[in-house]
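Visitor: I have a protein chain open on my screen. Could you walk me through it?

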Amino acid sequence: MSSHPLDTQQTAGAQTLRRGLAVLRLLTQVGPGGLRMLEITRRLELNKATAIRLTQTLVDEGFVLRDKISGRYRLGPESFAVGLAAEASYELQRLAAPTLRALAAESGDTVFFSVLHGYESICLSRDEGDFPIRNQLIKAGDRWPLGIGAGATALLAALDDTEVADVLFRTASLRSRKFPRCTDDVILRLIRETRERGYCLQPGLVLADSWAVGVAVRDGDGRPVASISIAAIKSRLGLARSSTLGNRLIVASHALTELVTRRAAQATPAASALSR
């Protein structure tokens, strides 16, 4: 039986929308330097005509700008406006900022703050310590499947077993292609260890010399919403130091949860008063 024409149109429209959003997501990840059309085409594995059509539409609508001299595309004013509208949702990162800076100063290493989004963890910020060799694997805006990296694994470990199984099923194909060492068995072992310790120690599974410790941050209802992680070269994260840092992260996570809970409690009476 053939598909209804309207169904076909809706499917094509959804595909176009996803591709357009992929362009925006890519430009978000590369930062203010932007990308040339050839790079957009290559990275998103689009044919040139499709990439040009999608990107030009985003230019026409103000979500993307094209530098006439360099030929590079970067985020435009409409993207900034959307970001401002969504900014209130990221109060948690603002509340965490002093703690993140303190952790970077104390450890000398790189501290990441990421939020849970579906089956992914999205890095919102990174704070650099003063140790000269720094982790360059993750930057703000990067998205990682749950179970890949210390913070994302700590988030996964904070979910129940049914949710864990669902995540592993949905990310299996991506992990096999891009993170072959992060098999189901390996991730499940990390989850068990994380639940026992209270923090995740990720032993260079993504990049051999890049180790990390991470913890989940929960909201007032006990649900995981974010993670804090510290990454360093392998020689700086032996068992003793990783335990020290892991327990420091646990304390920071609990303090942040308490802060968020207090802020929510303070906001509720005010909101109730306004609604009267």
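Visitor: How many aromatic pairs does the count come to?

Guide: The count comes to one aromatic pair. Rings of Phe, Tyr and Trp (its six-membered ring) pair if their centres lie within 6.5 Å; planes under 30 degrees apart count as stacked, over 60 as edge-to-face and the rest as tilted. Please note that this is a predicted model: local features need pLDDT of at least 70, side-chain atom pairs count only at pLDDT 80 or more, and totals for chains, interfaces and linings use all residues. Residues are numbered from 1 along each chain as its sequence is written, and side-chain values use heavy atoms, with hydrogens and water left out.

Visitor: Why is the pair of tryptophan 144 and phenylalanine 179 called tilted?

Guide: The ring centres of tryptophan 144 and phenylalanine 179 are 5.5 Å apart and their planes stand at 40°, so the pair is tilted. The pair links distant parts of the chain, 35 residues apart: tryptophan 144 is in strand 5 (residues 143-145), and phenylalanine 179 is in the loop between helix 7 (161-178) and helix 8 (184-197). Helices (H or I, at least four residues) and strands (E, at least two) are DSSP runs, numbered from the N terminus.

Visitor: Are tryptophan 144 and phenylalanine 179 buried or exposed?

Guide: Both tryptophan 144 and phenylalanine 179 are buried. Buried means under 20% relative accessible area, exposed over 50%, and partly exposed in between (1.4 Å probe, protein chains only).

Visitor: Next topic: which residues touch the most other members of the largest nonpolar core?

Guide: That core has 28 residues, and those touching the most other members are Leu146, Leu156, Leu159, Val164, Cys182, Ile187 and Ile191. Helix 6, helix 7, helix 8 and strand 7 (210-218) each supply at least two residues of this core, and helix 6 gives the most, with six residues. A nonpolar core is a set of buried Ala, Val, Leu, Ile, Met, Phe, Trp, Tyr and Cys residues joined through side-chain atoms within 4.5 Å.

Visitor: And how many residues of helix 6 are buried?

Guide: Helix 6 (residues 150-157) is mostly covered, with eight of its eight residues buried. Among them are Gly151, Thr153 and Leu156.

Visitor: What does isoleucine 191 touch?

Guide: Setting aside residues up to four places away in sequence, isoleucine 191 touches Leu156, Ala157 and Val164. Contact means heavy atoms within 4.5 Å.

Visitor: Which residues lie nearest the centre of the largest cavity?

Guide: Of its 22 lining residues, Ile138, Gly149, Ala150, Gly151 and Ser229 lie nearest the centre. Strand 8 provides the largest share of this lining, four residues.

Visitor: Finally, where is threonine 55?

Guide: Threonine 55 is in helix 3 (residues 48-60). Threonine 55 counts as buried because its relative accessibility is 0%.

Methods. On a 1 Å grid over the protein atoms alone, a cavity is a set of points where a 1.4 Å probe fits but cannot get out, and a pocket is an open set with protein on both sides within 12 Å along at least five of seven lines; lining residues have an atom within 4 Å of a point.
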